[in-house]
Amino acid sequence: MSPTGTPAHAHHRPSLVPRLAPLPDDPAVIVVGAGAAGIAAARTLTARGIAVAVLEARGRVGGRTFTTRLRGHDVDLGAHWLHAGPINPLVKLGHARGESLRRAPQDGHAWVSGRPGRPAERQASARAFDRADQAMTRGAAEQGPDRPAASALPPALGPWGARVAQVHGLVSGRPLGEVSLHDFPSMEYGDNFFLAGGYGAYLARLAQSLPIALERPVTGIDWSGTGVTVQTPQGPLQARAVVVTVPMMVLWESLAFTPALPGPVRAAIDGFSRGIYEHAVLHWPSSPFRGADRLVAMAGGRRTPSGLLARIDGTPFHFYELDIHEAAAIDAAGGDADRARRHVRAVMAEHFGPRAIRDLSIPAVSAWRHDPWSRGSWAVVPPGHAGARQALHAPVGDRIWFAGEALSRLQWGTAGGAYEEGARAAEAVAARLSNGAA
Ligand SMILES: Cc1cc2nc3c(=O)[nH]c(=O)nc-3n(C[C@H](O)[C@H](O)[C@H](O)COP(=O)(O)OP(=O)(O)OC[C@H]3O[C@@H](n4cnc5c(N)ncnc54)[C@H](O)[C@@H]3O)c2cc1C
């Protein structure tokens, strides 16, 4: 956070600002939020000729996908990987639109106790990850009560065992002991892509010409009448139905429903936990890693980065990924971007030596956990809460639909999953409107 209370990433400007259309006078559907899910919902409804009004709290589109320009390069401060290529709708759409997608390399680097990893170490690391994945997939398929994903990790994963738990905790957004085993292996990480110009810029292109009003935060949704009345500081707006795409963590605190949401819906929303994952963007021309877009598996040392992505698109930019433990320690010490920078430099110095990081600078650090419009990086399903994503698929009162990353079973926590859920909700609304029910 800055001293003014604005999260660090919010000071950066988007690399691409789409031209937006004015809101229609009499929308049939209101979409709350113009992230991946909201953009998908608006595109789907518009394509069906349904008048839609999108209300977005921030002064830009894209939500947790956000590309900015740093030192002449487009850099993502939120989502960066297009995960799960075969099922990610944004990969399919990207190919169809002629977007410049590049497949993520399968190989990576290893860095062990201050030196490049040996082939045997790289193989041992890969074996440990394979064994863990198999065990967790088996565990998830078990009948019986849900349990923490950590309980399915094989006990003897060798020297890389701690690393396996650390990395899975990072990509889960919380330690595996706090993550549902039944929910865990739903995401297909294989066959990932990156996109030239950044993921956020891609979503901004997809928002082109949509009727989106920026800086229009929704404070309440009244569904006591026949349709919905959506409250904003600029006044109310009415429609027959609403698609709510704001993050679960925002729904916990800053959006009031009148009447209150039904108990099971509220319980599903409140049962998620806050996932934390932040980028520290490193600019490191003399980095020892060559080749574009390789992950670095690191071991040894007192503190080890959970995630390091080297030479993004062949540039000097790297991502150092901060996990929930690092974010908590930074917050306990005051929570500002400079503390995050000092922490990252200290860890990098431990592994590479102070001389090697002399030209390393950190032009941006994200703080989505402090952003009032996200309050976290994604929603996490804790043990015992595995039905929540599906529970939120049903409309409330035939006029409120939820969408967003938290509802995606197979692509949880991702922009692709959010996009798919936005399109799904919009199709359901369109079907209901054409039946005259909403
Ligand atoms: C650092 C980081 C790295 C990530 N890396 C990846 C990755 O590599 N690949 C990947 O696929 N995913 C990644 N993710 C996750 C991905 O960004 C999200 O899952 C996805 O963007 C969520 O889309 P959404 O539409 O569900 O929500 P959002 O993008 O959060 O969109 C919701 C929108 O609602 C708006 N809003 C909130 N409250 C209100 C309100 N009251 N009124 C009006 N508008 C409101 C918000 O401003 C926002 O624009 C990452 C996330 C973070 C934070």
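How far from an oxygen atom of the ligand does a polar side-chain atom of Glu56 lie?

1. The distance for that Glu56 pair is 2.6 Å, within the limit for a polar contact (a pair of N or O atoms within 3.5 Å). This is a predicted model, in which local features need pLDDT of at least 70, side-chain atom pairs count only at pLDDT 80 or more, and totals for chains, interfaces and linings use all residues. Residues are numbered from 1 along each chain as its sequence is written, and side-chain values use heavy atoms, with hydrogens and water left out.

2. Two further pairs can be listed. An N or O atom in the side chain of Arg64 is 2.6 Å from an oxygen atom of the ligand, and a polar backbone atom of Ala57 is 3.1 Å from a ligand nitrogen atom. The protein buries 99% of the 1,000 Å² that the ligand exposes when taken alone (Shrake-Rupley method, 1.4 Å probe).

3. The shell around the ligand has 40 residues, of which Glu56, Arg64, Trp81, Val218 and Glu405 come nearest (a residue is near if one of its heavy atoms lies within 4 Å). The shell divides into 21 nonpolar, 14 polar and 5 charged residues, with Gly counted as polar.

4. Domain 1 (8-66 + 197-272 + 385-434) and domain 2 (105-191 + 274-370) each give the shell at least three residues; the bounds come from an automatic or database domain assignment.

5. The C-alpha centres of domain 1 and domain 2 are 31 Å apart. In contact (heavy atoms within 4.5 Å) are 20 residues of domain 1 and 19 residues of domain 2.

Technical notes:
A polar contact is a pair of N or O atoms within 3.5 Å; within protein, one must be able to donate a hydrogen and the other to accept it, and residues adjacent in sequence count only if both atoms are side-chain atoms.
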